[in-house]
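Subject: Handing over a structure

Dear colleague,

I am passing on to you the structure placed just below. Please look through it alongside the notes that come after it.

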Amino acid sequence: MGKDTRLVNIYIKIHNKRTLTVEDLKYLSKYDPECFEKTCKNIVYKMPETEEILQPKAEEEKPAPKPPIFEKIPTDKQRIEAVLSNLKQMELKELPVDGLKTEEVKELLGSLYMELLFPHNDRERFFSMEDHEELSVFNKKV
């Protein structure tokens with residue numbers, strides 16, 4: 001249950017537009033690394049200037065053979081560690097990137113991660129408590 005509580009707390013931070021910490025992002029990357037990687041790719045697609053932070057080159061970039069279409073691609077833990085390190089350096093003002101604010105990148109990363117992790121439509125809200133049930137829709141999904 002502690003694992004779910006931490007995820008809910010991070011979701012509430014995102015929902016209430018509170019600042020995420022690098023520790024929060026570290027937790028999300030461990031909770032679902034594949035979702036974290038997809039989220040980084042989505043942000044780079046939307047904001048190309050984040051590429052050097054969110055899609056760092058692997059040290060030995062070799063042309064990897066493409067896996068079959070339905071085969072799950074393993075997550076690259078080194079690359080995830082590099083992303084978290086870059087965000088930490090940005091937070092400490094050791095990695096200046098023109099036109100990017102650390103808080104905006106972290107906020108976007110967190111909110112897109114949660115949208116990808118818990119896809120929903122606009123009619124249903126995660127914290128819907130209307131149906132006389134004790135658990136919200138979000139808690140059921142978690």
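What follows is a short account of what was found in this structure, taken region by region.

Please bear in mind throughout that this is a predicted model.

I begin with the pair formed by helix 3 (residues 33-46) and helix 5 (residues 77-91), whose axes come within 11 Å and cross at roughly 60°. Because angles of 65 to 115 degrees would count as roughly perpendicular and those under 35 degrees as roughly parallel, helix 3 is classed as oblique to helix 5. The crossing of these two helices is left-handed. On the side of helix 3 the contact is made by P33, F36, E37 and C40, while helix 5 contributes I80, V83 and L84. Of the residues in this contact, 6 are nonpolar and 1 is charged, and none is polar.

The next residue to look at is T102, which lies in helix 6 (residues 102-117). T102 has a relative accessible area of 11% and therefore counts as buried, the cut-off being under 20%. Its side chain reaches the backbone oxygen of M90 at 3.4 Å. When neighbours within four places in sequence are left aside, the residues in contact with T102 are L87, M90 and E91.

Finally, K17 is placed in the loop between helix 1 (2-15) and helix 2 (22-31). Although K17 is not a glycine, it has a positive phi of about 55°. K17 counts as exposed, because its relative accessibility is 63% and the cut-off is over 50%.

Conventions: Residues are numbered from 1 along each chain as its sequence is written. This is a predicted model: local features need pLDDT of at least 70, side-chain atom pairs count only at pLDDT 80 or more; totals for chains, interfaces and linings use all residues. Side-chain values use heavy atoms; hydrogens and water are left out. Helices (H or I, at least four residues) and strands (E, at least two) are DSSP runs, numbered from the N terminus. Buried means under 20% relative accessible area, exposed over 50%, partly exposed in between (1.4 Å probe, protein chains only). Axes are lines fitted to C-alpha atoms, for helices over the stretch in contact, and angles run from 0 to 180 degrees between N-to-C directions. Angles under 35 degrees count as roughly parallel, over 145 as roughly antiparallel, 65 to 115 as roughly perpendicular and the rest as oblique. A crossing is left-handed if the near helix is turned anticlockwise from the far one by less than a right angle, and right-handed if clockwise. Contact means heavy atoms within 4.5 Å. Ala, Val, Leu, Ile, Met, Phe, Trp, Tyr, Cys and Pro count as nonpolar, Asp, Glu, Lys and Arg as charged, and the others, Gly among them, as polar. A polar contact is a pair of N or O atoms within 3.5 Å; within protein, one must be able to donate a hydrogen and the other to accept it, and residues adjacent in sequence count only if both atoms are side-chain atoms.
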